[in-house]
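Work through the exercises below with the sequence and the model in view. Each task is followed by its solution.

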Amino acid sequence: MLAEDFELKHFENFSVRNSLRELDNETNRREVEFPDDWIQADVTIKIPTKSKEDDAKPFSVTGFHFRPLIEVIRSAFTDIQANAFHLSPFKRMWKDPLDNHEERIFDELYTSDSWLDAQDEVQKLPREPGCKLERVVASLMFFSDATHLANFGTAKAWPLYMYFGNLTKYARAAPKSGACHLVGFLPSLPDKVKDILSSLPRISKSGMAALHTHCRRELFHACWDILLDEDFLHAYRHGIVLRCADGVLRRIFPRIFTYSADYPEKVLIATIKDMGKCPCPRCLTPKSLFPSLGLLQDMRSRMNNLRVYVSTNVIRAREYIYKSGITVDGLKVEELLGAEGSWVPVLNVFAEKLGAFGLDPFKMLVVDFMHECELGTWKAVFTHLVRILYSLPGGNNLVAVLDARFRQVPTFSSGVIRTFTNNTSEMKRLAARDFEDILQV
């Protein structure tokens with residue numbers, strides 16, 4: 001309406017409903033395509049039939065919405081925010097003003113040894129014919145977390161996010177920075193799969209549960225098999241030429257550095273059993289050594305017993321299942337995979353596709369501070385402390401005093417510590433930030 005050529009007569013006989021109807025009925029319209037538009041795909045998995053004669057039954061899951069990773073990278077590196085990207089890693093040093101001794105500081109991903117090693121590896125790759133462009137690393141950091149969308153009903157979503165480690169953590173953590181890129185929504189296994197599982201011959205209740213879990217693992221890695229497409233693998237090996245925000249052409253090599261998720265999703269990524277004999281997704285520490293966690297001997301054991309993907313054993317186990325008709329939790333499969341490592345008969349798509357390029361699918365799993373500390377260890381410790389108060393003489397009064405003292409705590413800074421209005425000991429509907437506030441107090 002502020003345009004110079006605007007006239008009031010343009011609104012004569014104007015109807016929004018009629019205009020929208022005309023647009024819907026137009027036959028010559030062309031579909032608008034964006035370089036990083038969303039794609040909807042069907043994901044197909046194979047359900048073993050427990051029979052040597054019958055082939056595995058294909059089962060399609062609809063509703064996998066995603067954006068191609070390469071197009072997200074193209075969009076991010078041409079965005080104005082890319083002006084703040086760090087394209088060259090370095091070592092940050094701190095010099096003591098008193099005795100002049102130096103200490104190395106690890107504060108960003110681009111100051112880590114992992115990025116320095118990745119940069120050296122990229123520089124040693126054979127050059128593309130006729131290409132003399134600068135080679136830089138696009139640091140990819142993934143995060144996913146399945147969540148319920150309502151307190152009632154079954155509505156849920158499983159979003160997958162991607163950050164760029166080239167941007168400082170202070171910018172990534174800002175709520176309105178726009179540094180978080182929504183890559184896709186991972187589908188969940190629908191309930192109708194149980195109709196196929198229940199129709200299989202000679203299947204028990206425990207066998208159906210094991211097969212259902214196997215299908216859920218297959219679905220997760222089938223989705224990532226689609227995300228890690230040929231374009232992404234080609235860029236991982238040869239890089240892609242992009243004109244960055246500063247106008248300079250560079251050859252960008254994407255590298256996956258971290259994947260943050262809660263424990264149930266970590267075991268999906270690592271293709272191991274949930275709380276199996278060796279429940280850690282990074283090392284082979286058995287449950288029997290849990291009492292010595294945190295000791296010096298435990299730290300040495302963790303470093304010396306890191307997980308290494310057993311691709312050969314997994315392939316053999318899958319042959320037992322899909323060709324010999326052995327159940328997913330059968331004795332042969334358990335002896336082959338479950339004796340050491342708590343592996344499952346699912347091909348790890350990260351190891352299969354990116355292992356040759358140096359990606360370790362177990363080292364990329366980083367600590368999830370929210371789930372493992374605030375909602376995990378600290379929540380369990382605080383719950384135990386409240387129970388101790390209840391067990392003491394006059395426990396109810398002691399807990400009441402605890403709640404009263406928390407309510408007297410004033411707010412601090414801009415949202416650092418909020419007011420404790422409810423009874424803290426009851427822990428009703430508390431989020432991770434609430435347990436963080438309790439821990440700080």
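Angles under 35 degrees count as roughly parallel, over 145 as roughly antiparallel, 65 to 115 as roughly perpendicular, and the rest as oblique. The model used here is predicted.

**Exercise 1.** Classify the packing of α13 and α15 relative to each other.

Solution. Step 1: helix α13 covers residues 369-391 and helix α15 covers residues 432-440; they pack at an angle of about 55°, with their axes 10 Å apart. Step 2: α13 and α15 are therefore oblique to each other. Step 3: the crossing of α13 past α15 is left-handed.

**Exercise 2.** Which residues of α13 meet which residues of α15?

Solution. Step 1: α13 contributes M370, E374, L375, W378, K379 and F382. Step 2: on α15 their partners are A432, F435, E436, I438 and L439. Step 3: sorted by class, this contact has eight nonpolar, three charged and no polar residues.

**Exercise 3.** Describe the largest nonpolar core and the surroundings of Y259.

Solution. Step 1: the core has 80 residues, and I73, F77, W224, F232 and Y259 touch the most other members. Step 2: helix α6 (residues 205-227) gives the most to this core, with eight residues. Step 3: beyond four places in sequence, the contacts of Y259 include F142, L160, F220, W224, I269 and F350. Step 4: a second, separate core has ten residues, among them F382, V409, F435 and I438.

**Exercise 4.** Is E340 buried or exposed?

Solution. Step 1: E340 sits in the loop between α11 (331-338) and α12 (349-354). Step 2: exposed means over 50% relative accessible area. Step 3: E340 has 56% relative accessibility, so E340 counts as exposed.

Notes. Residues are numbered from 1 along each chain as its sequence is written. This is a predicted model: local features need pLDDT of at least 70, side-chain atom pairs count only at pLDDT 80 or more; totals for chains, interfaces and linings use all residues. Side-chain values use heavy atoms; hydrogens and water are left out. A nonpolar core is a set of buried Ala, Val, Leu, Ile, Met, Phe, Trp, Tyr and Cys residues joined through side-chain atoms within 4.5 Å. Buried means under 20% relative accessible area, exposed over 50%, partly exposed in between (1.4 Å probe, protein chains only). Helices (H or I, at least four residues) and strands (E, at least two) are DSSP runs, numbered from the N terminus. Contact means heavy atoms within 4.5 Å. Axes are lines fitted to C-alpha atoms, for helices over the stretch in contact, and angles run from 0 to 180 degrees between N-to-C directions. A crossing is left-handed if the near helix is turned anticlockwise from the far one by less than a right angle, and right-handed if clockwise. Ala, Val, Leu, Ile, Met, Phe, Trp, Tyr, Cys and Pro count as nonpolar, Asp, Glu, Lys and Arg as charged, and the others, Gly among them, as polar.
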